[in-house]
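Here is a short tour of a few local features. Look at the structure first, then read on.

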Amino acid sequence: MASTSCSTAVGMTTLILPYFNHCPASTVDAVLLSHPDTLHLGALPYAMKNLGLSAPVYSTEPVHRMGLLTMYDQYLSRKAMSEFDLFTLDDIDSAFQIVTRLTFSQNHHLSGKGEGIVIAPHVAGHLLGGTIWKITKDGEDVIYAVDFNHRKERHLNGTVLNSFVRPAVLITDAYNALNNQPLARHREKEILENTIVKALEAGGNVLLPVDTAGRVLELVLILEQFWAQRLLNYPILFLTYVTTSTIDYVKSFLEWMSDSIAKSFETTRDNAFLLKHVRLLINKSELDNAPVGPKVVLASMASLEAGSSHDIFVEWAADPRNLVLFTERAQFGTLARMLQADPPPKAVKVTMSKRVPLVGEELFAYEEEQERLRKEEALKASLIKEEEAKASHIPDNNMSDPMVIDAGNAHTSLDAAGSQGGRHWDILIDGFVPPPTSVAPMFPFYENVSDWDDFGEVINPDDYVIKEEDMDQSAMTIGGDMDGKLDEGSASLILDTKPSKVVSSELTVQVKCSLIYVDYEGRSDGRSVKSILAHVAPLKLVLVHGSAEATEHLRQHCMKQVCPHVYAPQIEETIDVTSDLCAYKVQLSEKLMSNVLFKKLGEYEIAWVDADVGKTENGMLSILPISAPAPPHSSVLVGDLKLADFKQFLSGKGVQVEFAGGALRCGEYVTLRKVGHGSQKGGGSGTQQIVIEGPLCEDYYMIRDYLYSQFYLL
């Protein structure tokens, strides 16, 4: 099975997409989408259109919806300034119509070539609906976790990656391995008070180049709440081709957001995305008509290569009062990356492109070419139609048709009918060429016989069910409500079929405005990544997506602190991470199973079995009851106790607990201390002991009983 996240940036297509041509689509059995941005799903329409990718695609509902809007915005932004032909809007629709949507922690069993494989999405943080994929086969887990965030934010919970322990393989990224972030409150003070408000008070405008439906949601909430707290009146404008559709969909995804947002809606019915200070725009002309004065504009694209952000930057760059605030590191080769260099350039060359309607000789030549193409298509269609007609009306002299009447009588009756009253009519039957042996055309007649019962005509409920694909088609209706995929302005661009061309010109822009970068990407920093990887302790680790320096740094760290098997494959490099664990399929006899007592352990059921091992006729191992009495065995406690979780448990039982010197003090006399680790360097299993210290008293036995309740006793 090949599992992939179709990742590319549309602005980097010439560099990245050629690699897809070396990956045969037939080798891909399933596509798992992790996040709703172009880095994780931007190549999906291209792969399905040009590479023949037909594998099933899986994602969460927000990744599907927000990803669809992201690709719409990307296409419309590129089409407005270039002859973009990698894919069309129809290709985007076709790619996303086949996506199977799953909820968090939902186990989905693959079929066909993926028989026996179970996939499940889990919370990744970073973006709405962002997913860590757990792939299970024969009891072994493969975790695909890229671009995760352990921190809880305004609209998202933190990742659950640290809840996985000892997977067979963990695939993650080294993107932030060398970066350490300041505290969230310090970053917010930096982004709001020291940058945005300061620029506005100086009479300047603030541009935030953002993505379409990803990290911009967190920024919108930050600005919305800060404006409400400080009673600011500066306009905040959010500009993409799909702005209103994005916010409308987000309003319905509250159950996918942070606990605080969900709880607020449950108690007060307050939707965090009912924006009062942020105005939604879908066309740059609306921005041009906005009142003159300081304002904050969030505009796509974050790369400044296309979209409204490109044009706004060109207009505002020469004013030293203005500010361009970057909240994410731009991709290599983009204008945003060039501006984020240290020191930034004093002047940059940009290409200004605009789509204009054809006029004069160009329009005449275009219409002539279209007319020629229409005639060619019509000629081809007529030739095909004639061939089909000839093939379907081959004379059969041996055919005996009781409905055929005498030829002479037929002509007489037809002539009589045509000449009645001295008037004549020509009878033209379009699309029907009667064979020579036929004298009268007879068309088939089918009588629709309805079923009736004691209550009247029987109604088939299936005739009234609206299929999902029909709903998707109806969703294309123009409007900014929840039933529409596109905003009115975006739809007008699509429906505008006037002949046009792209006119481009080179322009040198003097960059006098302020350029500031504040990390608000929503990814775990290097320190947190190392801590999480040490806790998860995979048997094998695969590092992808990161600079060479960051990848090598994290690889060396993990080989010393996490596990010895760390891989950092290059593009197009294949690695073998087949598990070294021995897993066998065994056949359990009914007699044995009737005497086994299973206990629930997370997603599994476990039991202690004393049995004899044999082989069946087909070579499968069989487990049979032993003939002699089973020897006694020591009790085994199964589980992984976290002292922090146990502290909360004891607090709920009314026990006073606190951490002191790495130990957990329970009441006045009892102390719990962990000795050893659940895993050892080198990939082997270690021994974890929990020592209870204190005098033998009532509190001691009570704490011990509570401790035993956290494990499974076999």
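## Cysteines, a buried serine and backbone exceptions

The structure holds zero disulfides, a disulfide being a pair of cysteine sulfur atoms within 2.5 Å. Cys558 is in no disulfide, and the nearest cysteine sulfur, that of Cys563, is 6.9 Å away. This is a predicted model, in which local features need pLDDT of at least 70, side-chain atom pairs count only at pLDDT 80 or more, and totals for chains, interfaces and linings use all residues. Residues are numbered from 1 along each chain as its sequence is written, and side-chain values use heavy atoms, with hydrogens and water left out.

Several residues here are buried (under 20% relative accessible area, with exposed over 50% and partly exposed in between; 1.4 Å probe, protein chains only).

| Buried residue | Relative accessible area |
|---|---|
| Cys513 | 7% |
| Cys558 | 0% |
| Ser524 | 3% |
| His126 | 2% |
| Ala537 | 3% |

Ser524 sits in the loop between β19 (514-517) and α17 (526-536). Helices (H or I, at least four residues) and strands (E, at least two) are DSSP runs, numbered from the N terminus. Leaving aside neighbours within four places in sequence, Ser524 is in contact with Phe148, Asn149, His150, Asn176, Val529 and Ile532. Contact means heavy atoms within 4.5 Å.

Now the backbone. Most residues other than glycine have a negative phi, and most peptide bonds are trans. His126 is not a glycine, yet has a positive phi of about 70 degrees. His126 lies in the loop between β6 (117-123) and β7 (131-137). Ala537, also not a glycine, has a positive phi of about 50 degrees. Its loop runs between α17 and β20 (540-544). The peptide bond from Ser300 to Met301 is cis, with omega near 15 degrees. Met301 is in the loop between β13 (296-299) and α11 (307-316).
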